[in-house]
Amino acid sequence: MTPSQPPPIAIEIRGLTRSFGAVNALAGLDLEVYEGDLLGLVGSNGAGKTTTLRILATFLLPTSGTVKVLGHNVVTEAETVRGLIGYMPDFFGVYKDMEVEEYLDFFAACYRIPSARRPRVVLDVLELVGLADKRTALVGTLSRGMQQRLGLARVLIHQPRVLLLDEPASGLDPRARLELMAILQELQRMGKTIIISSHILRELETLCNRIAILEKGRLTYAGPSAGANQRDPDRGLLVWARVAGDATAAAAVLRGRPEVLDVQPVDHGLRIHLAPGEADAGLVAEVLVHGGFRLLELREERPGLEEVFLRMTTGET
Ligand SMILES: Nc1ncnc2c1ncn2[C@@H]1O[C@H](COP(=O)(O)OP(=O)(O)O)[C@@H](O)[C@H]1O
Ligand SMILES: [Mg+2]
């Protein structure tokens with residue numbers, strides 16, 4: 001078998017900048033999203049998430065750089081791109097006095113779906129987001145979680161291949177959040193390419209297959225969420241070890257190795273920060289045992305994504 005090819009690129013962002021007066025909301029963003037990705041776009045408030053999504057959705061022009069959705073340029077082919085994407089903004093008005101079904105029928109009409117087909121289309125998206133039994137409820141009577149799911153139903157009406165969701169889980173209680181996440185996984189299984197933004201990394205860690213971390217309009221991490229969970233590529237592994245007796249001499253031996261960046265006493269043991277590359281817990285064990293130390297405990301410390309995120313960002317709000 002030949003090595004598996006990466007899937008085709010669904011979204012391509014190259015050298016994207018956007019300024020608002022003196023503020024550089026995006027300062028040279030490069031990002032690729034593959035077809036079928038459920039990508040988590042993570043960053044503190046003001047990092048540039050909304051700006052990125054609005055540019056992808058053709059609602060905002062870039063200052064410079066190129067952005068393509070399924071091969072189409074968001075500036076010169078905006079009309080085509082609009083047909084391919086479903087964009088759910090961070091705040092959207094709902095028409096509180098409309099019935100759920102009416103509301104979606106209205107948007108179906110906006111997408112010029114023939115009236116004979118609309119009831120079927122509306123029911124399909126309602127079933128997908130678990131609101132079929134709320135067909136005749138007034139939009140204003142729905143819970144916040146249900147309104148978010150209705151918002152999602154609305155952007156699915158024209159069967160877009162790409163979904164851009166700006167902090168859809170914000171303000172939801174844990175249960176409503178889980179329900180929303182389950183729907184997004186279902187949409188990914190259906191083959192959609194999805195970008196979901198959040199300022200809470202933990203929320204996206206298990207949901208998304210890839211994570212992109214933005215800070216001050218630049219990308220600081222893009223890659224598999226699982227990979228980021230295990231190894232922080234720019235930092236190397238952290239290993240924690242406990243030896244019998246005084247650890248000071250063991251720390252000194254470890255510090256003498258070129259693969260070791262730093263050693264700190266932590267938790268009655270030593271936390272060893274290894275340089276990126278081949279070095280792992282096995283090396284630490286070898287160095288200690290060959291140095292004559294009795295090794296009592298050894299483990300790789302796999303930083304959670306949250307920790308990776310905190311290390312990579314300044315944590316401002
Ligand atoms: N319409 C606008 N006018 C002026 N500044 C803006 C505008 N939109 C965004 N910004 C600024 O651009 C930066 C990025 O904002 P945004 O993309 O909304 O970040 P995020 O969604 O990650 O919180 C912020 O400093 C914000 O104040
Ligand atoms: Mg935002």
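Predicted model: local features only at pLDDT ≥ 70, side-chain atom pairs only at ≥ 80, totals over all residues.

Residues are numbered from 1 along each chain as its sequence is written, and chains are lettered from A and ligands numbered from 1 in the order in which they are written.

The protein chain has eleven helices and 14 strands, where helices (H or I, at least four residues) and strands (E, at least two) are DSSP runs numbered from the N terminus. Its C-alpha atoms fill a box of roughly 80 × 50 × 45 Å along the principal axes. Of its 317 residues, 36% count as buried, a residue being buried if 20 or more other C-beta atoms, placed from the backbone, lie within 10 Å of its own, exposed if 12 or fewer, and partly exposed in between. The chain is divided into two domains, with bounds that come from an automatic or database domain assignment, and 45 Å separate their centres, taken over C-alpha atoms.

| Domain | Residues |
|---|---|
| domain 1 | 9-230 |
| domain 2 | 238-301 |

Ligand 1 is surrounded by a shell that includes Phe-20, Val-23, Asn-45, Lys-49 and Thr-50, a residue being near if its C-beta atom, placed from the backbone, lies within 6 Å. Both β2 (23-34) and α1 (49-56) supply at least two residues of this shell, and the largest share, three residues, comes from α1.

In helix α3 (residues 100-110), Val-100, Tyr-103, Leu-104 and Ala-108 are buried. Seen down the axis of α3, these buried residues fall within an arc of 135°, so they line one face of the helix; the arc is that of the directions from the helix axis to the C-beta atoms. The buried residues of α3 pack against α4 (118-128) and α5 (144-156), and α3 is followed by Arg-112, whose phi is positive, near 60°.

Tyr-34 has its place in strand β2, and because 15 C-beta neighbours lie inside 10 Å, Tyr-34 counts as partly exposed. Leaving aside neighbours within four places in sequence, Tyr-34 is in contact with Pro-6, Pro-7, Ile-9 and Ala-10, contact meaning that the C-beta atoms of two residues, placed from the backbone, lie within 7 Å. Tyr-34 and Thr-63, 29 residues apart in sequence, are 24 Å apart in space, C-alpha to C-alpha.
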